[in-house]
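Hi,

Here is the structure I promised to pass on.

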Amino acid sequence: MQLIRTNSDNKDFIELVQELDKLNVIRNGEDQKFYAQYNKLDSIKQVVIIYEKEVPVGCGAIKYFDENTMEVKRMFTRETARGKGVASRVLQELEKWTRELNFNYCILETGAKYVEAIGLYKKNGYQIIPNYGQYIGVETSVCFKKKI
């Protein structure tokens with residue numbers, strides 16, 4: 001597998017995110033309209049894509065949250081590549097990039113229905129925190145934080 005750093009203009013990233021958005025609509029139903037407003041690609045400058053045999057199979061991104069923190073966004077692994085450590089590798093690269101940019105923390109939000117994502121973040125050392133920002137009071141959200 002090959003991992004690259006890019007930005008949100010990358011066509012492979014856009015394609016992966018479109019698949020993620022379709023999955024989110026199925027899983028979240030009407031709630032997806034709320035989440036979609038916070039997942040625009042125009043403000044994402046740091047994107048990681050992982051390829052298997054030159055085919056994009058997973059992605060993730062970080063974006064500025066505050067002077068100490070980057071927010072992990074748009075984590076996705078195609079179904080054909082699940083169970084191979086793709087998401088953990090993407091997440092680890094995003095954390096490395098966060099350190100290189102001199103930030104101390106990563107935060108993220110995922111849906112309470114995304115049991116596999118919750119497991120991934122816990123396995124990678126993320127701790128559940130009170131919901132932050134736009135997710136405060138949203139019962140279907142689970143927020144995490146990790147010191148990098």
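Start with residues 32-38, where pLDDT stays under 50. The model has 15 contacts beyond four places in sequence for that stretch, but where pLDDT is low, the predicted coordinates should not be read in detail. This is a predicted model, after all. The mean pLDDT of the protein is 89, with 87% of residues at 70 or more.

Now the inside. The largest nonpolar core is made of 26 residues, and Val72, Met75, Val90, Leu94, Tyr121, Tyr126 and Phe144 have the most contacts within it. Several elements supply two or more residues each, including strand E4 (69-77), helix H3 (86-100) and helix H4 (115-123). H3 is the top contributor, giving six residues.

Which of its residues are buried? Ala117, Ile118, Leu120 and Tyr121 are. Down the helix axis, these buried residues fall within an arc of 160°, so they line one face of H4. The general rule behind such patterns is that an α-helix has 3.6 residues a turn, so residues three or four places apart point the same way. Val115 and Lys123, on the other side of H4, are exposed. The cover over the buried residues includes E4, H3, E5 and E7. After H4 comes Gly125, with a positive phi near 90°.

Next, the charged pairs. Side chains of opposite charge can pair when their charged atoms come close, and this structure holds nine salt bridges. Here are some to look up:

- Glu19 and Arg78 meet through their side chains at 2.5 Å, N to O. Glu19 is in helix H1 and Arg78 in the loop between E4 and H3, 59 residues apart. Arg78 is buried, with a relative accessible area of 12%, while Glu19 is partly exposed at 31%.
- Arg74 and Asp21 have their closest N and O atoms 2.3 Å apart. Because Arg74 sits in strand E4 and Asp21 in helix H1, this pair ties together parts 53 residues apart in sequence. Arg74 is buried, at 6% relative accessibility, whereas Asp21 is partly exposed at 30%.
- Lys84 and Glu52 form a salt bridge at 3.1 Å, N to O. Lys84 is in the loop between E4 and H3, Glu52 in strand E2, and 32 residues separate them. Both ends are partly exposed: Lys84 at 44% relative accessibility and Glu52 with a relative accessible area of 24%.
- Arg5, Glu93 and Glu100 are linked in a network of salt bridges.

Two polar residues are worth a click as well. Tyr51, in strand E2, is buried, with a relative accessible area of 10%. What does its side chain make a polar contact with? The side chain of Asp12, at 2.6 Å. Tyr51 also touches Met1, Ile4 and Pro56, among others.

Then there is Ser8, in the loop between strand E1 (2-6) and helix H1 (11-28). Ser8 counts as buried because its relative accessibility is 8%, under the 20% cut-off. A polar atom of the Ser8 side chain lies 3.0 Å from the backbone oxygen of Ile44.

Cheers

Conventions
Residues numbered from 1 in each chain as written. Predicted model: local features only at pLDDT ≥ 70, side-chain atom pairs only at ≥ 80, totals over all residues. Heavy atoms only, no water. Helix = DSSP H or I, 4+ residues; strand = E, 2+ residues; numbered from the N terminus. Buried < 20%, exposed > 50% of the residue type's maximum accessible area, 1.4 Å probe, protein only. Polar contact = N/O pair within 3.5 Å; in protein donor to acceptor, adjacent residues only side chain to side chain. Core = buried A, V, L, I, M, F, W, Y, C linked by side-chain atoms within 4.5 Å. Arc of directions from axis to C-beta. Contact = heavy atoms within 4.5 Å. pLDDT = per-residue confidence, 0-100. Salt bridge = Lys/Arg side-chain N within 4 Å of Asp/Glu carboxyl O.
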